[in-house]
Amino acid sequence: MAQEPRDAALEVIGPEEPEEDPARLLACRAVTVTYAGLRAVSSVTFSVRRGEVVGLIGPNGAGKTTLVNAMSGFAPISEGSITLGGAEISHLPPERRAHRGLARTFQHGRLFMDLSARENIELGALAVGCSAREARRRTDALLEETGLLSLAARPPAELSHGDQQRVSVARAVVAGPAFLLLDEPAAGLPAESLAELRALVEQTRVGRDAGVVVIDHNVEFVLDLSDRVVVLDHGQLLAEGTPSYVRHHEEVLAAYFGSVPSTRSASAAPPGDGDAASGTAKAP
Ligand SMILES: Nc1ncnc2c1ncn2[C@@H]1O[C@H](COP(=O)(O)OP(=O)(O)OP(=O)(O)O)[C@@H](O)[C@H]1O
Ligand SMILES: [Mg+2]
C-alpha cells in the first residue's frame, strides 16, 4: 500500500511494533471526525489488541465518545482508516461491524425499559444473528457468571444504577465480541459496583480473549483496569502509555486541572502503581 504523508502526531506515536499481528488488532489510523467544521477527533492513531484493556481518558468534550462512535460506525470519519482484524471497516454500518465482532455500550444506557434485564441481554445476542435458543443459552450463562441471575426478570428501572450498567455491559458481551468498547460504564457507581464491573471486564478480556476499550472519568478506575492508556484532549491524542506513564504526565495533568498541580495527590495522579512507566507524547 502506498505510504500516506505522515503528520506530526503520527511521527511521535511511531509505527506499530513489527511483531503486531493485524488479525488481533482493532486499529484507528489518523482518524478525523468533523462536525460542522469542528474537528471533534483530529488525526488520532491508536490500536487495541485482543486480550488487552486500553483506557481512553480525557476532559469533557475531548472526543472520546466521538472516537468510539467512529470505531463502531455511529459517526462517519472524514479522514483516516479503521481496521478490524486487518480488514478496513470504516465504510461499514454499525450492524455489519457488530457481526464482525465489535460491540459497544453507550454513555447514556439505552436499555429497553419495558423489557426485563434478561430480555435486554438476549437482544445483544439476537442482534448478531444468534437463534433464540442460542441467545437464551448465552444469556443464562452470562447471568450466572455475573451474579445477575436473581435480577433477570426485573425491568431495568427496578435495578440499581450499578446493576443497570452491568446489564448494559452484559448486553454487549453476550454478542461474543472480539472487541468491546465501553463508554463510561462506571459513571455514578459506588465502590462495590466498581469491583463487580471490573470483574466483568476482566472476564471478558481473559475468558473471551477480547480487546476492551474503556472510557471513564473515574481516572483511577481506568488506570487500575488498563494495560495501556490513551489520552485525548481537544480531539487530539495527547499521550499514550502505561498507566504509570500517564499518571505522571505533565500535559495530562494540565489538561485535567488546567495547570500542573504542585502536589500530585489528586485522584487523577496518585503515587506510582508499580507498572513500568513508558509511553509516547504528542510533540509540543
Ligand atoms: N453529534 C454531534 N454534533 C455536533 N458536535 C458534536 C456531536 N457530538 C459531539 N460533538 C462535539 O464534539 C466534541 C467532542 O465530543 P465528545 O462527546 O466526543 O466528547 P467526550 O470526550 O466524549 O466528552 P464527555 O467526557 O463529556 O462525554 C465536543 O465539542 C462536542 O460538542
Ligand atoms: Mg463522552
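Predicted model: local features only at pLDDT ≥ 70, side-chain atom pairs only at ≥ 80, totals over all residues.
Visitor: Thanks! Where is Asp209 found, then?

Guide: Asp209 sits in the loop that links α7 (191–207) to β8 (211–215). Its phi is positive, near 55 degrees, although the residue is not glycine.

Visitor: Is Asp209 buried, exposed or partly exposed?

Guide: The idea is to count other C-beta atoms within 10 Å: 20 or more means buried, 12 or fewer means exposed, and anything in between is partly exposed. Asp209 has 13 C-beta neighbours inside 10 Å, so it counts as partly exposed.

Visitor: Which loop holds His234, and what is its phi?

Guide: His234 belongs to the loop between β9 (228–233) and β10 (236–241). Its phi is near 50 degrees, again a positive value in a residue other than glycine. With 15 other C-beta atoms within 10 Å, His234 is partly exposed.

Visitor: Let's turn to the strands. How many bridges join β1 to β4?

Guide: For pairing, look for at least two DSSP bridges between two strands. Strand β1 (residues 25–35) and strand β4 (residues 79–84) are joined by five bridges and run antiparallel. Within this pair, Ala27 has Thr83 of β4 as its bridge partner.

Visitor: And what stands opposite Leu84?

Guide: That is Ala87 in β5. Strands β4 and β5 (residues 87–88) run antiparallel and are joined by two bridges. Their hairpin has two residues between the strands, and there Gly85 takes a positive phi near 60 degrees.

Notes
Residues numbered from 1 in each chain as written. Chains lettered and ligands numbered in written order. Helix = DSSP H or I, 4+ residues; strand = E, 2+ residues; numbered from the N terminus.
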